[in-house]
Amino acid sequence: MSRAEPLSLLPLELEGVAFRHRGQTLLHPLDLRLERNGKTLIMGPNGAGKSLLMRICHGLLSPTAGTVRWRGGGATPDTIRRRQAMVFQRPVLLRRSALANVRHALGAQGVPRRERARRADEAMEQFGLQAIAHRPARVLSGGEQQRLALARAWALRPEILFMDEPTAALDPAAIRAVEEAVDAFHHNGTCIVMSTHDLGQARRLADDVVFLVNGTLVERSPVQQFFEAPRSAQAAAFVRGDLVW
Ligand SMILES: Nc1ncnc2c1ncn2[C@@H]1O[C@H](COP(=O)(O)OP(=O)(O)OP(=O)(O)O)[C@@H](O)[C@H]1O
């Protein structure tokens, strides 16, 4: 990363990770390894378990079976918390200015006050938010809020960024801004893990695709293979636009 901090988190390894709720298996045991510099797109029909999987990876949810291991088990809980970020379909923003939201996130991560201001300004500039930096975050448009969520993640300099359908509610220009942000993060060495329903977007962005159906990881393939010669009949049907469940 140009914005150098020692890499200390990846790879992320999931082994036998499953999630059950009220006697129902929502995620069947799965193994997954995410490496530095990857751009992994998570795809699958509604309710497949994409968000669940990302929330488990990010640590928002504990799996009911299996293990989530960062850097072979060698990363400290503090590093695990500080060196990753997540962006959601609807940004979760505090009731304060756009800029203050970014500064607050840096403060929560223990970044010294002077550096907070510098990094927050840099992030606002990176995402073209300077003109609206002092507006209350919650009055911003959907697209502006998503750019702010990205700026906040950018300021944190994550090693891995989880994005849960970040463009689902956006217009084409805002979608392009998010896709450019994905490239910028990736260029800076951040590993991207993102869910989308947009096949074109997956083709544009992915190195590889993790395909889930009904809580089962059906296939993980390099992007070209996923779209042109998927290994599973379910992925082939999904790519054709046929319903699968
Ligand atoms: N914390 C939770 N506790 C219990 N059930 C949950 C929890 N989170 C999600 N679920 C259920 O798990 C299933 C998978 O949900 P998830 O949100 O991961 O799907 P998804 O693939 O992201 O779907 P979509 O494409 O519709 O966003 C759903 O049936 C959902 O209701």
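Let's start with two helices, H5 (residues 142-156) and H6 (residues 172-187): their axes come within 10 Å and cross at roughly 10 degrees. Here, axes are lines fitted to C-alpha atoms, for helices over the stretch in contact, and angles run from 0 to 180 degrees between N-to-C directions. H5 and H6 are therefore roughly parallel to each other, a label used for angles under 35 degrees. Helices (H or I, at least four residues) and strands (E, at least two) are DSSP runs, numbered from the N terminus.

Before going on, keep in mind that this is a predicted model, where local features need pLDDT of at least 70 and side-chain atom pairs count only at pLDDT 80 or more, while totals for chains, interfaces and linings use all residues. Residue numbers start from 1 along each chain as its sequence is written.

So who touches whom? On the H5 side you'll find Gly-143, Gln-146, Arg-147 and Leu-150, and they meet Ala-174, Ala-177, Val-178 and Ala-181 of H6. Contact means that the C-beta atoms of two residues, placed from the backbone, lie within 7 Å. Sorted by class, this contact has five nonpolar residues, two polar and one charged. Ala, Val, Leu, Ile, Met, Phe, Trp, Tyr, Cys and Pro count as nonpolar, Asp, Glu, Lys and Arg as charged, and the others, Gly among them, as polar.

Now look at the sheet. It is open, with six strands in the order S5-S6-S7-S3-S8-S9 and mixed pairing; two strands pair if DSSP finds at least two bridges between them. S5 (84-87) and S9 (216-222) are the edge strands, each pairing on one side only.

Strand S3 (residues 39-43) has four of its five residues buried, that is, with 20 or more other C-beta atoms within 10 Å of their own, C-beta atoms being placed from the backbone. S3 pairs in the parallel sense with S7 (residues 191-195) over four bridges, and Ile-42 stands opposite Ser-195 there. Four bridges also join S3 to S8 (residues 208-213), again running parallel, with Leu-41 partnered by Val-209. S6 (residues 160-164) and S7 pair in the parallel sense too, over five bridges.

How do our two helices meet this sheet? H5 lies across S5 and S6, at about 175 degrees to S5. H6 packs on the sheet and touches S3, S6 and S7, its direction making about 150 degrees with that of S7.

Finally, there's the ligand. Three residues of the shell around the ligand, its largest share, come from helix H1 (residues 50-58). By class, that shell has four nonpolar, six polar and one charged residues.

How values were computed: Buried ≥ 20, exposed ≤ 12 C-beta atoms within 10 Å, placed from the backbone. Parallel < 35°, antiparallel > 145°, perpendicular 65-115°, else oblique.
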